[in-house]
Amino acid sequence: MKILREISTTLFLAGMSLAVPAAADGYELVWSDDFEGDKLNTKFWRIVTGNGCPENCYFGNNEKQVYTAELMNLRIEGGKLIIEAHKNEGFTSAKITSEAMPGWTYGKIAMRAKLPSGVGTWPAFWMMPDKAKYGPWPKSGEIDIMEHVGFNQGHVHGTVHTEAYNHRINTHKGEERVVDTASKAFHTYSIEWDANNIRWFIDGKQFFTFARQEDDGYAEWPFDHPFHVILNLAVGGDWGGKEGIDASAFPARYEIDWVKVWQ
C-alpha cells in the first residue's frame with residue numbers, strides 16, 4: 001500500500017494534483033511521487049546530466065560517474081524509480097532533483113527505497129537550498145537524510161553540513177545505524193524538521209537529532225529557508241571510493257518506491 005493510514009482528497013496546487021490525507025501526527029501530506037507512470041514526471045523532477053564541470057567538477061567529491069538521462073541509468077519500472085549505475089568505458093549513473101518545484105521549509109520528508117550494494121557505490125537521499133541565502137556551500141546548509149557507502153555495507157548515515165559543521169573541516173554532525181537488509185529489502189528513511197530541530201528516522205525509529213542552540217547563528221543553523229530533494233547514485237569519490245571501486249558490483253541498482261513531504 002503506497003499511502004498508509006491516509007484518507008485523501010484531491011488538491012490542485014500550482015497545476016499539480018496532490019493527495020492530501022487527514023492530519024496524522026500533526027502533519028498533512030503536501031506532495032508525493034509514487035512513480036506509478038511510465039516515465040519520470042518532469043513537473044516534479046529535473047534530471048542532472050554530465051560530471052558537474054565546469055562549475056563543480058566531479059561534484060566536489062572526485063566522483064567517477066557521468067550522470068545521464070538514458071533509460072539504462074534512469075527509468076520507471078514496476079511502480080519504482082530505478083537509478084542504475086553502469087560500468088562502460090567509465091561509469092554512468094543518474095541524479096534527479098525536485099528543483100522543478102518550489103522547495104519546502106520544515107516538514108517531514110521521507111523515502112522508501114532499497115539500496116545498491118558493492119564497494120564504490122554511494123547512493124543518497126538529501127536536500128540542498130533552493131537559493132544560497134547565506135552564501136555558497138556549506139554556508140546555506142545541506143541535509144543528508146540517507147547516505148550509504150558500499151565499503152561499509154548496511155551502515156546508513158544521516159548528516160548535516162553547515163559553515164561551522166562540515167566534513168571539509170571534520171566537524172560535520174551525524175549518526176549512523178546498521179540496517180542489515182538495506183540492499184535486500186525496502187526501508188523508509190525520513191527526517192522531521194522544524195525551526196529548532198532536525199530528527200532522523202529509519203522505519204519510524206529515531207536515531208539522530210541535530211538541535212539548534214540558543215546562540216546559534218546561520219553558521220551553525222542555516223535551516224530556515226526552502227530546500228529541495230535530491231536522489232542520486234554516485235560512484236567512487238572521496239568517501240564512496242575510499243576503499244576503491246569493485247567493477248564486478250556493476251550494474252548497481254537503487255530502487256525508490258516513493259518520496260513524500262508532509263507539513
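Reader: Which residue is the bridge partner of Ile96 in β18?
Author: Leu231. Strands here are DSSP E runs of at least two residues, numbered from the N terminus. This is a predicted model, where local features need pLDDT of at least 70, side-chain atom pairs count only at pLDDT 80 or more, and totals for chains, interfaces and linings use all residues. Residues are numbered from 1 along each chain as its sequence is written, and side-chain values use heavy atoms, with hydrogens and water left out.

Reader: How many bridges do β9 and β18 pair over?
Author: Three, in the antiparallel sense, with β9 covering residues 95-97. Two strands count as paired if DSSP finds at least two bridges between them.

Reader: What's the strand order in that open sheet of seven?
Author: β4-β9-β18-β11-β12-β13-β14, with antiparallel pairing. β4 (46-48) and β14 (173-178) are at the edges with a single partner strand each, so one side of each has no neighbour in the sheet.

Reader: Switching to Lys242, where does Lys242 lie?
Author: In the loop between β18 (227-235) and β19 (252-262).

Reader: Is Lys242 buried or exposed?
Author: Exposed, because its relative accessible area is 63%. The cut-offs are under 20% for buried, over 50% for exposed and partly exposed in between, using a 1.4 Å probe and protein chains only.

Reader: And what does Lys242 touch?
Author: Phe151 and Gly237, leaving out residues up to four places away in sequence. Contact means heavy atoms within 4.5 Å.

Reader: How far is the Lys242 C-alpha from that of Ala182?
Author: They are separated by 20 Å, and the two residues are 60 apart along the chain.

Terms used. Helix = DSSP H or I, 4+ residues; strand = E, 2+ residues; numbered from the N terminus.
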